[in-house]
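Keep the 3D view open as you read.

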Amino acid sequence: MLEFSPHRYVTLPLPEGRETEFRLTERCHGASSCRFQPRVTPGSLRRRRRLLTRLGILATIVLFGVFIWPGASPLALLSFGSVSGGDYPQLETVRYYDLSNVQGTARGWEREERILLCVPLRDAEAHLEMFFGHLHNFTYPHNLIDLAFLVSDSKDRTLELLTEGLEKLQADDDPRQPYGEISIIEKDFGQKVNQDVESRHGFAAQASRRKLMAQARNWLLSAALRPYHSWVYWRDVDVETAPFTILEDLMRHDKDVIVPSELDTALSASDQEADLLQMCGGPCRNGLAASNLTI
């Protein structure tokens, strides 16, 4: 025998799509003795229930989102990035770059092309004053140049003097002097070769020294390069003389890569090439005439 507790509700679907509630008004001692009072739920009440359920779900999502992402707007939380003012999602944790016009051209200053100037530093205290003098004199718009410094394996005041010099440069009264984004990165690579000329250029030290230099420079480039940079310019801090227009001069060649060649003018014309450790020298330069590489 089946027993039902009084005042319990059972909901059954009807073929027409309506719902009927049956309320049991007394204890049943047999299937034939149960008396039911059917009550049809109006369509408007069902729709109201569904609406309230959906509103409750949305409110829960908004409250949860505000708790997880305090800075997010309610619209962004509800749309999950599908609602935006442009043609692409505006998610606060996603950066969108339009690179359709980002390229290197021969007249980059006219197109406001951005340059990343990379400077590796190691025990460079003695050269920083001269270096900042060069920075002041660049003719390329300073606001289009981003600076990236890597200070590694230094034992002197390189980092301290670099910070002081950059603060003065960015606070200059001349609006043409301050540069764009500036990054200072500290990371040691275990370089132990002394900085004197004999140690740095001695043949025995070149393999290990150049290997660590390459690691440091690759690391600096990968850490500082941004999608909107059209050019990368490497500058050693101890360069004494260079044209103030060096950036525009290099651009005018309209080449993808330009490598400097170090010459010793005291030697004969055939033996003037002094830096035999550059990536390509002497005989191989003849095969590059038709390429997009300038040495």
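A residue counts as buried when its relative accessible area is under 20%, as exposed when that value is over 50%, and as partly exposed in between. By that rule Asp-146 is buried, because its relative accessible area is 3%. Please bear in mind that you are looking at a predicted model.

With the cut-off in hand, we can look at the whole chain. Of its 295 residues, 26% count as buried. The chain holds 7 helices and 9 strands. Among contacts with a separation of 6 or more, 61% are between residues 24 or more positions apart.

Now back to Asp-146, and to its partner. Which side chain does Asp-146 meet in a salt bridge? The partner is Arg-114, with 2.6 Å from N to O. Asp-146 belongs to strand 5 and Arg-114 to strand 4, so this pair ties together parts that are 32 residues apart in sequence. Side chains of opposite charge can pair when their charged atoms come close.

A search of the whole structure finds 9 salt bridges, and a few others deserve a visit. Glu-113 forms one with Arg-111, where the closest N and O atoms are 2.7 Å apart. Are these two partners buried or partly exposed? Glu-113 is buried, because its relative accessible area is 2%, while Arg-111 counts as partly exposed at 35%.

Another salt bridge joins the side chains of Arg-226 and Glu-181, at 3.9 Å from N to O. This pair links distant parts of the chain, 45 residues apart: Arg-226 sits in the loop between helix 6 (206-224) and strand 7 (229-234), and Glu-181 in the loop between helix 4 and strand 6 (182-186). Arg-226 is partly exposed, with a relative accessible area of 24%, and Glu-181 is partly exposed too, at 35%. Elsewhere, Glu-125, Arg-157 and Glu-160 are linked in a network of salt bridges.

Next, turn to helix 3. Its buried residues include Leu-128, Phe-131, Phe-132, His-134 and Leu-135. Seen down the axis, the buried residues of helix 3 fall within an arc of 155 degrees, so they line one face of the helix. An α-helix has 3.6 residues a turn, so residues three or four places apart point the same way. What do the buried residues of helix 3 pack against? They pack against strand 4, strand 5 and helix 4 (158-170).

His-142 is buried, because its relative accessible area is 4%. Its side chain reaches the backbone oxygen of Leu-135 at 3.5 Å. Leaving aside neighbours within four places in sequence, His-142 is in contact with Leu-135, His-136, Arg-176, Gln-177, Pro-178, Tyr-179 and Gly-180.

Our last stop is Ala-106, in the loop between helix 2 (74-79) and strand 4 (114-121). At a relative accessible area of 23%, Ala-106 is partly exposed. Not counting residues up to four places away in sequence, Ala-106 touches Met-251, Arg-252 and Asp-254. The C-alpha atoms of Ala-106 and Arg-252 are separated by 4.5 Å, although the two residues are 146 residues apart along the chain.

Definitions and conventions. Residues numbered from 1 in each chain as written. Predicted model: local features only at pLDDT ≥ 70, side-chain atom pairs only at ≥ 80, totals over all residues. Heavy atoms only, no water. Helix = DSSP H or I, 4+ residues; strand = E, 2+ residues; numbered from the N terminus. Buried < 20%, exposed > 50% of the residue type's maximum accessible area, 1.4 Å probe, protein only. Contact = heavy atoms within 4.5 Å. Polar contact = N/O pair within 3.5 Å; in protein donor to acceptor, adjacent residues only side chain to side chain. Arc of directions from axis to C-beta. Salt bridge = Lys/Arg side-chain N within 4 Å of Asp/Glu carboxyl O.
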